[in-house]
Amino acid sequence: MALRDIFKFRELPESETSKPFLEHLEDLRWTIVKMAITLIAAMILCFAFRGTLVRVMQAPLHEIDQNLGVLRALGITDSIVVSFHLAFYAGIVISFPLLLFFIAEFVLPALTVMEKKFLFPAIGISFALFLTGVLVCYFWLLPKTILFFFHDTQSLGWAPNWTVQQYYSFVTRFTLGFGLSFELPVVVLVLVRFGLITYEFMARTRPYAIVLIFILATIITPTPDVLTLIAMSLPMVVLYESCIWIAWFMKRRQTRAGPVPPVE
């Protein structure tokens, strides 16, 4: 089965007792439960401050035009529905380190003592990259994107009068997607560390990777326009290119230090 092949990646070393397949599924169940409880707790906390979240998310509108700060609520339940959506996305942001830890705890149980020492710094770096992507999007890219659509709408003789559902759907998906795109170096370097991909492979397949990045950006961008697609894709391309050089540096360092025993 495909699931059995996946679980082989996280088998314990031979010196320890290997778990049967059903116990792996039990571990997966508890991992999902812990992640769900953490996310729900973070959502409840964020929902309690939904007024603050609304003001923060509408700040880019006020910078463009004070009148845009007043969004239209077309549905009777929009206040609750949008609040839950905001709490969910904000909950992902603040619980991101714990969610990463639970995933790493399940996928990488057989790390050596030395590698476990780097687990928390790696999670910290991953969260820092994610938060950097979110902040860069919020303070720089998001206002410019909204301003572009504001002027483009006016150029057609239309009045920019957006609804709460449309605005918050765009802002949350755009910001969170941009933050997740900054996780690309972490994903690539983990794959390099475990020998699943190499520097030569990354360099050789660079054109295909760029095409895949644009396809991924097309999926996660909240609107189908070319501007948003390019704004989402270019940072990911730059990050991928940096991963190639970091992978080259890691290979050079390992070559100088001698062969490194594979991760069991």
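**A first look**

Modeller: Of the protein's 264 residues, 36% count as buried, where buried means under 20% relative accessible area, exposed means over 50% and partly exposed is in between, with a 1.4 Å probe and protein chains only. This is a predicted model, where local features need pLDDT of at least 70, side-chain atom pairs count only at pLDDT 80 or more, and totals for chains, interfaces and linings use all residues. Residues are numbered from 1 along each chain as its sequence is written, and side-chain values use heavy atoms, with hydrogens and water left out.

Biologist: Okay, how many helices and strands does the protein have?
Modeller: There are 11 helices and zero strands. Both are DSSP runs numbered from the N terminus: helices are H or I with at least four residues, strands are E with at least two.

Biologist: What about contacts between residues at least 6 apart in sequence: what share joins residues at least 24 apart?
Modeller: That share is 79%. Contact here means heavy atoms within 4.5 Å.

Biologist: Let's go inside. How many residues are in the largest nonpolar core?
Modeller: It has 37 residues, and those with the most contacts inside it are Leu142, Tyr168, Val188, Met202 and Tyr240. A nonpolar core is a set of buried Ala, Val, Leu, Ile, Met, Phe, Trp, Tyr and Cys residues joined through side-chain atoms within 4.5 Å.

Biologist: Which element gives the largest share of this core?
Modeller: Helix H11 does, with nine residues.

Biologist: What does Tyr240 touch?
Modeller: Leaving aside neighbours within four places in sequence, Tyr240 is in contact with Leu184, Val188, Met202, Thr205, Arg206, Ala209 and Ile213. Apart from this core lies another one, of eight residues, among them Leu39, Met43, Val93 and Phe96.

Biologist: New topic: Phe130. Is it buried or exposed?
Modeller: Phe130 is buried, at a relative accessible area of 0%. Phe130 has its place in helix H6. Beyond residues up to four places away in sequence, Phe130 touches Val93, Phe96, Leu176, Gly179, Leu180 and Glu183.

Biologist: How far is Phe130 from Phe182?
Modeller: Their C-alpha atoms are separated by 5.7 Å, though the two are 52 residues apart along the chain.

Biologist: And Thr145, what does that one touch?
Modeller: Thr145 touches Phe170, Phe174 and Thr228, again not counting residues up to four places away. Thr145 lies in helix H6 and is buried, at 3% relative accessible area.

Biologist: Where does Val192 sit?
Modeller: Val192 is in helix H8. At 14% relative accessibility, Val192 counts as buried. Its contacts, residues up to four places away aside, are Ile197, Met202, Ala247 and Met250. Val192 and Ala247 are 55 residues apart in sequence and 6.8 Å apart C-alpha to C-alpha.

Biologist: Now Ile40: which helix is it in?
Modeller: Ile40 lies in helix H2 and counts as partly exposed, at 47% relative accessibility.

Biologist: Last topic, the second largest pocket. How much space lies in it?
Modeller: About 420 Å³. On a 1 Å grid over the protein atoms alone, a pocket is an open set of points where a 1.4 Å probe fits, with protein on both sides within 12 Å along at least five of seven lines, and lining residues have an atom within 4 Å of a point. The volume is the space filled by probe spheres set on the points, which are joined across faces, edges and corners.

Biologist: Which residues lie nearest its centre?
Modeller: Leu53, Met57, Ala90, Val93 and Val134, out of 18 lining residues. Helices H3 (50-64), H4 (78-107), H6 (119-155) and H7 (164-181) each give two or more residues to that lining.
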